[in-house]
Number of protein chains: 2
Amino acid sequence: MSAPNPLIRDRDVEFLLYEVHHIERMCELPAFADHERETFELFLASAARLAREQLYPLFREMDEQPPELIDGRVHEHPKMGELYASMVELGILTAGRPESVGGAQLPQSITTIAYMYLMAGNAGASGYPLLTAGSGHLIESFASDELKAMFMRRMYDGEWSGTMSLTEPQAGSGLGDLTTSATPIEGREGVYKIRGSKIFISAGDHQFLDNIVHLTLARVVGDPAGTRGISLFAVPRMRPTADGGLEFNDVHTSQLVHKIGWKGLPSLGLSYGENDDCHGWLVGEPCKGLRYMFQMMNEARLLVGANGTATASAAYHESLAYARVRTQGRRLDQGGARGGDTGPIPIIEHPDVRRMLLRQKAIVEGSMSLLITTARYADLAAHGSDPAERARAQLLYDILTPVTKSFPAERGFESTSLALQIHGGYGYSSEYLPELWLREQRLNSIHEGTTGIQSLDLLGRKVVAEGGKALMTLDEELRVDIEDARRCGVDEELCDTVKIELGRVAGLTQVLGARALGGDVIGMLAHSVDYLNLFSNLVISWQWLRMAAAACRGLGGEVDDEGAAYYRAKIEAARYWIRTDLADNARLAVLCESGEDSYLKVPDSGW
Amino acid sequence: MSAPNPLIRDRDVEFLLYEVHHIERMCELPAFADHERETFELFLASAARLAREQLYPLFREMDEQPPELIDGRVHEHPKMGELYASMVELGILTAGRPESVGGAQLPQSITTIAYMYLMAGNAGASGYPLLTAGSGHLIESFASDELKAMFMRRMYDGEWSGTMSLTEPQAGSGLGDLTTSATPIEGREGVYKIRGSKIFISAGDHQFLDNIVHLTLARVVGDPAGTRGISLFAVPRMRPTADGGLEFNDVHTSQLVHKIGWKGLPSLGLSYGENDDCHGWLVGEPCKGLRYMFQMMNEARLLVGANGTATASAAYHESLAYARVRTQGRRLDQGGARGGDTGPIPIIEHPDVRRMLLRQKAIVEGSMSLLITTARYADLAAHGSDPAERARAQLLYDILTPVTKSFPAERGFESTSLALQIHGGYGYSSEYLPELWLREQRLNSIHEGTTGIQSLDLLGRKVVAEGGKALMTLDEELRVDIEDARRCGVDEELCDTVKIELGRVAGLTQVLGARALGGDVIGMLAHSVDYLNLFSNLVISWQWLRMAAAACRGLGGEVDDEGAAYYRAKIEAARYWIRTDLADNARLAVLCESGEDSYLKVPDSGW
């Protein structure tokens with residue numbers, strides 16, 4: 001019997017946080033001065049325990065018993081309320097919020113890891129607090145004190161939950177076309193009547209708390225068409241009455257979307273104002289809704305990346321344990337599958353199984369390191385010691401967000417599929433878990449902006465903004481880390497390769513940017529996903545170079561055999577990624593630069 | 001309302017069969033002299049109709065109502081018997097078998113397409129006749145006349161079904177380790193007592209026919225260990241009695257495997273001889289079981305490729321139709337997702353959606369062309385006009401089989417995932433079909449030999465056998481087609497690229513072969529999957545070059561606007577594949593040749 005699945009390995013978290021990213025140094029900043037490595041560790045240990053002891057044991061069961069829609073209300077899994085209470089008790093709702101609103105004021109680099117543990121245990125269940133925290137944060141950032149008292153307080157205390165209510169059936173990702181309307185109610189400053197329909201609203205209804213606050217995008221009647229005319233409203237399911245009670249607010253569930261994973265978290269169609277009696281409270285100023293919502297979307301995008309990483313991590317550890325105990329075939333140089341005199345070997349000894357394991361490892365740990373990197377920049381952007389550091393970190397956070405969202409989603413799906421493949425025929429059966437992780441993982445390249453949308457955000461906006469300032473800043477960061485890796489004794493070949501490929505990305509970006517300046521926007525963006533892949537390969541190589549550098553430092557210190565093996569595996573994974581995936585950038589750059597236009601040229605009737 | 005999903009487009013079949021592969025010329029061979037293009041067309045039209053009108057309408061329902069195991073018997077979907085009868089009536093069981101056994105003696109290049117239609121309609125349902133035909137064919141090829149009369153006749157007539165009973169729980173792909181035993185029954189020549197367990201036996205039980213014949217691998221007591229000691233037995237669920245009746249043969253269902261797709265086709269654990277009363281009839285000679293079974297496995301591998309193609313095709317057409325009617329966003333050079341004055345556009349106008357469509361098209365039609373190519377060589381290997389032609393075709397069939405199995409499985413999964421992606425949030429819901437096709441597709445890289453096993457078959461066996469004779473023969477075929485493409489007016493650039501890459505594969509194979517001859521088997525095979533991918537990229541480029549050549553010929557003839565658009569799209573798809581995927585071969589060759597050994601070097605305790 002093998003050990004239970006760790007979901008995320010504590011040693012990897014320790015290595016990444018303190019040996020690679022030195023997150024303990026965050027405590028030197030005033031915002032985090034009350035913390036020290038020990039408080040980080042205590043919080044993460046609690047999150048890991050909750051994930052392993054409470055969330056994960058209900059993972060399969062919540063998939064098999066999805067929520068039901070009965071008489072207009074959603075009935076979630078009966079244990080969900082308990083799980084929510086435990087997550088509230090952990091403090092996840094306000095772990096990253098300031099003490100002034102009752103938060104623990106932990107760095108995002110720590111809270112992201114905490115979420116990762118919860119997600120690896122049970123993605124659906126972790127969605128409820130995630131959405132509540134994000135929507136509460138929107139109110140905290142942009143709403144009046146009155147609305148904070150009315151909504152945020154109870155959300156942060158775990159009494160009410162929240163949602164992110166953006167998507168409409170006809171508009172999808174084209175938010176500018178949303179038609180949900182808001183009409184001022186005479187005599188009630190800041191309160192509007194809301195009418196419209198939303199779709200794919202996660203956690204849009206449940207029974208375990210008294211109220212749900214939908215942070216809803218709508219257009220005030222008369223405001224401009226397109227994204228410029230969108231405002232943000234807090235629309236509670238139950239609205240506060242004058243006497244301090246709650247009454248129904250005419251927003252209800254029109255549909256329960258049946259989906260292939262994340263079944264612990266219902267996805268709903270919501271109908272607002274069918275009886276013309278749905279009230280919404282304007283958050284902040286009118287017509288700034290989309291800008292506000294981007295705060296939540298950016299947080300959510302990082303957490304989608306965290307989810308892709310967490311899911312792939314759980315699947316990786318499952319397949320690693322399986323490969324160690326499952327025996328089959330013989331060594332390739334001793335007859336392969338022919339069998340005979342000697343017994344079968346553990347499949348981890350077959351080169352192709354090792355390839356599938358190392359590929360998973362490279363993707364999972366590369367993603368985890370990227371998540372910490374991006375979250376750390378978010379911390380510095382908000383709390384850095386001076387305006388220059390904050391501005392610099394903001395640029396890095398901005399440019400890395402689309403990669404941090406999409407890479408763990410896309411490659412995490414591939415990685416999870418490899419975990420299934422290692423299980424062979426059993427992997428295709430629902431008696432093992434990889435198929436469930438595969439179904440869960442498939443959402444991550446869709447929600448919070450598809451991979452295509454992330455690629456347009458990166459190439460059409462982030463790398464070219466302010467004359468390429470963010471990319472130049474990233475370039476500086478990489479150069480420092482490449483030289484550090486060299487000093488630590490990482491193979492020169494690997495350091496040189498990353499440096500050359502860094503130059504390639506910079507050069508390519510200039511060419512593409514010039515194309516857009518010349519008026520050829522399509523010529524710039526037609527290969528945006530190829531560009532995103534190329535950019536991601538580089539960014540993950542950077543992460544692996546940093547991990548290899550830390551491993552070299554570790555090997556140079558006092559270390560036992562097992563510790564040395566741990567570090568050596570990191571170095572091999574770095575080598576694997578740079579030689580295998582970064583090596584693909586030459587081809588990708590040609591596709592982007594050559595103006596390869598086959599798919600633009602397919603005649604309409606010829607498909 | 002768009003037209004119903006064609007599943008597989010008839011025009012593509014016509015183009016491939018008669019404009020690219022000239023399958024009508026098969027009728028010049030004596031074996032197919034009774035046929036003409038018209039009889040091919042009639043048969044395929046019937047298959048298409050059956051798929052569209054009977055199989056596809058039950059596809060979703062059979063997924064939602066999977067078989068149940070009740071009191072030791074499997075209860076399949078109640079309509080399955082009707083579907084089976086319709087497929088028998090179509091003649092699929094013996095479409096490719098000779099007239100002497102009641103078959104239609106059609107070329108495999110035609111029967112493969114017929115299966116593809118059925119599979120695109122309902123993979124699970126098509127599995128029953130496929131397994132019956134394959135196991136009947138084993139008896140036809142290797143068993144005595146007595147056994148043919150006893151089993152094959154009724155299987156071919158549609159009265160009994162058959163299975164392929166190889167895998168054991170502990171051995172998986174390592175068939176040499178199988179432990180199912182066979183003990184001669186004194187006084188009954190050729191009849192043995194069978195004891196053991198099998199797993200993943202598709203169609204291992206059902207109610208709609210009277211009997212099921214399991215073609216079962218077992219080891220006669222005393223025979224050698226490993227694959228050399230395996231024999232093949234026909235083990236009916238009900239065995240014939242002396243008075244012409246049937247009695248239970250002590251083989252029963254021990255387990256119904258719950259799986260994530262193909263739910264129309266139950267996958268079972270079988271237990272043989274629990275009461276020491278299971279009789280098996282030896283097929284052919286003892287200890288040749290695995291060799292015999294390879295006939296069926298090779299047929300089955302082609303049909304797995306056909307299934308991967310069919311599933312990806314249905315998903316492609318679904319996403320193409322969706323992309324034409326679903327509107328969202330604006331042109332990239334007119335503001336993207338911002339919305340505003342003009343209305344949203346059909347998503348097929350977005351470059352990245354076009355990329356996802358053309359990638360699917362390239363994979364689906366490239367796979368379909370490869371299936372026809374390989375099936376045609378199978379036809380020539382069996383029925384070619386002289387021994388030299390037959391031997392030559394056999395080599396080509398052998399070398400292409402692992403690619404024809406694995407490429408449509410691996411890339412078909414990617415393709416199906418893109419169909420889901422095009423559906424956005426709806427793609428993740430089970431109200432649309434792409435998620436179901438994705439679940440179905442995931443099996444194809446596992447059953448009938450995983451992709452890893454296919455890669456070892458290709459590199460460890462097929463390309464190096466007889467001093468590389470098969471590869472040299474393939475090289476000749478490609479050279480002829482490259483020059484033909486040039487003559488037809490296909491871009492010189494594309495022709496040259498394929499020629500260069502052909503040389504790369506030949507050179508690389510020599511290097512790797514020499515490594516094995518020098519004793520370094522691991523050094524040859526450690527990157528077998530990279531080699532398989534590189535080889536597949538070339539083989540599919542060859543298919544696209546042939547399609548582009550046919551399209552150029554078509555454009556040179558009399559053609560209306562729609563016809564011309566059809567041909568132009570083929571040329572763009574060829575360009576896309578060669579520029580995008582064949583361009584990856586330089587990198588893959590470096591990985592194979594450089595001895596990149598990261599995954600071999602990860603220390604055991606360091607993972």
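In this predicted model, helix α5 (residues 108–121) of chain A and helix α6 (residues 123–142) of chain A cross at roughly 145°, and their axes come within 6 Å. Axes are lines fitted to C-alpha atoms, for helices over the stretch in contact, and angles run from 0 to 180 degrees between N-to-C directions. Helices (H or I, at least four residues) are DSSP runs numbered from the N terminus. Residues are numbered from 1 along each chain as its sequence is written, and chains are lettered from A in the order in which they are written. Local features need pLDDT of at least 70, side-chain atom pairs count only at pLDDT 80 or more, totals for chains, interfaces and linings use all residues, and side-chain values use heavy atoms, with hydrogens and water left out.

**Helix packing in chain A**

- On the α5(A) side, A:Y115, A:L118, A:M119 and A:G121 meet A:A123, A:S126, A:P129, A:L130 and A:A133 of α6(A); contact means heavy atoms within 4.5 Å.
- This contact of α5(A) with α6(A) has seven nonpolar, two polar and no charged residues. Ala, Val, Leu, Ile, Met, Phe, Trp, Tyr, Cys and Pro count as nonpolar, Asp, Glu, Lys and Arg as charged, and the others, Gly among them, as polar.
- α6(A) also packs with helix α7 (residues 145–156) of chain A, at an angle of about 155° and with the axes 9 Å apart.
- α6(A) and α7(A) are therefore roughly antiparallel to each other, a term for angles over 145 degrees.
- The crossing of α6(A) and α7(A) is left-handed, meaning that the near helix is turned anticlockwise from the far one by less than a right angle.
- From α6(A), A:T132, A:A133, A:S135, A:G136, A:H137, A:I139 and A:E140 meet A:L147, A:K148, A:F151, A:M152, A:M155 and A:Y156 of α7(A).
- Seven nonpolar, four polar and two charged residues make up the contact of α6(A) with α7(A).

**Helix packing in chain B**

- Helix α17 (residues 528–556) of chain B packs with helix α19 (residues 585–594) of chain B at an angle of about 150°, their axes lying 9 Å apart.
- That makes the two helices, α17(B) and α19(B), roughly antiparallel.
- α17(B) contributes B:D530, B:Y531, B:N533, B:L534, B:N537 and B:L538 to the contact, and α19(B) contributes B:N585, B:L588, B:A589, B:L591 and B:C592.
- The contact of α17(B) with α19(B) comprises seven nonpolar, three polar and one charged residues.

**Cavities**

- There are six cavities of 30 Å³ or more. On a 1 Å grid over the protein atoms alone, a cavity is a set of points where a 1.4 Å probe fits but cannot get out, and lining residues have an atom within 4 Å of a point. Grid points are joined across faces, edges and corners, and a volume is the space filled by probe spheres set on the points.
- The largest cavity has a volume of about 70 Å³ and is lined by A:I260, A:E435, A:L438, A:R439, A:R442, B:I260, B:L438, B:R439 and B:R442.
- α12 (434–441) of chain A and α12 (434–441) of chain B each supply at least two residues of that lining, and the largest share, three residues, comes from α12(A).
- Four nonpolar, no polar and five charged residues form the lining of the largest cavity.
- The second largest cavity holds about 50 Å³ of space, and its lining consists of A:S406, A:F407, A:E410, A:R411, A:T451, A:L532, A:N533 and A:S536.
- The largest share of the lining of the second largest cavity, four residues, comes from α10(A).

How values were computed:
1 Å grid on protein atoms, 1.4 Å probe; cavity = no way out; pocket = protein on both sides within 12 Å on 5 of 7 lines; lining within 4 Å. Parallel < 35°, antiparallel > 145°, perpendicular 65-115°, else oblique.
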